[in-house]
Amino acid sequence: MSDPLQRLLQVQDHDTAVDQQRHRKATLPPRAELARVDARLAELAQRAATVGAERDELGARQADLEAQIASARARRAEIEKRMYAGQAAARDLQAMDEETKHLARHVTELEDRELEVMEALEPLDAQLAADAAERAELDEAAAGHRALLAEEEQAIDREIAADQAARDAAAAEVPPDLLKRYEALRAKLGGTGAARLVGDSCAGCHLVLPSMEVDRIRKAPPDAVITCEQCGRILVR
Ligand SMILES: [Zn+2]
């Protein structure tokens, strides 16, 4: 078959097939799934940063309280050691006893504050643990979607390559001027530059042509390039 117009229709068919495959590739379900998972992971990452900062602040406060408790206890132990060494004067013993009592109260107060901090930490740690578990699940799901997506994309790429090769072979038999005109129309008219005349209507715009126009087209020489007067596409009989 060497009729350039029939060849052009083949080019159109393969171009349409490639366009459809590209669209299918862009809208593969695993891609939407992956986007959904990625959006949730971004949300979790943001929360991990906020909650983590809050947790770190409380953790630092707890460490500070523990250091204060340890220091008060050490001070108390030191005083008691001196008290029981038996070398202090009675007057001093009285003051030392007062101080150990004061330190004991101070430790209790610090321990109460530490307990409050630990209680505040509890829900934050639970949140962080739950989020980490969800993140692990999502990471696994994302890996699955990614693998499936790659597989489906490769299959479509193989179909595109086959259509592209068949398209190029057909295009090689279309005169360059006609091909150029087709390309320009295709770019302008939503992917379709050449259409069949089916009965008395144009398969490009689906409008019925006036009967006089159909007559004129039928009587034109077979190699004449005719365009649909309604949509401007190359019309192939
Ligand atoms: Zn038309």
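**Zinc site and helices**

Trainee: How are the donor residues of the zinc ion spaced in sequence?
Mentor: This is a predicted model, in which local features need pLDDT of at least 70 and side-chain atom pairs pLDDT 80 or more, while totals for chains, interfaces and linings use all residues. Residues are numbered from 1 along each chain as its sequence is written, and side-chain values use heavy atoms, leaving out hydrogens and water. The donor residues follow the pattern C-x2-C-x22-C-x2-C.

Trainee: What arrangement do the donor atoms around the zinc ion form?
Mentor: The SG atoms of C202, C205, C228 and C231 are the protein donors (N, O or S within 2.8 Å of the metal), and they lie 2.3 to 2.4 Å from the zinc ion. Four donors are called tetrahedral if all angles lie between 85 and 135 degrees. The 4 donor atoms subtend angles of 104 to 115°, so the arrangement is tetrahedral.

Trainee: Is C231 buried or exposed?
Mentor: Buried means under 20% relative accessible area, and exposed over 50%, with a 1.4 Å probe and protein chains only. C228 has 2% and is therefore buried. C231 has 17%, so this residue is also buried.

Trainee: How far apart are the end C-alpha atoms of helix 2?
Mentor: Helices are DSSP runs (H or I) of at least four residues, numbered from the N terminus. Helix 2 covers residues 29-84, and is followed by G86, whose phi is positive, near 75°. At 1.5 Å a residue, counted for one less than the number of residues, its 56 residues should span 82 Å, which agrees with the end C-alpha separation of 79 Å.

Key. Donors = N, O, S within 2.8 Å, 3.2 Å for Na, K, Ca; no water. Tetrahedral: all angles 85-135°; square planar, octahedral: opposite > 155°, others 65-115°. Helix = DSSP H or I, 4+ residues; strand = E, 2+ residues; numbered from the N terminus.
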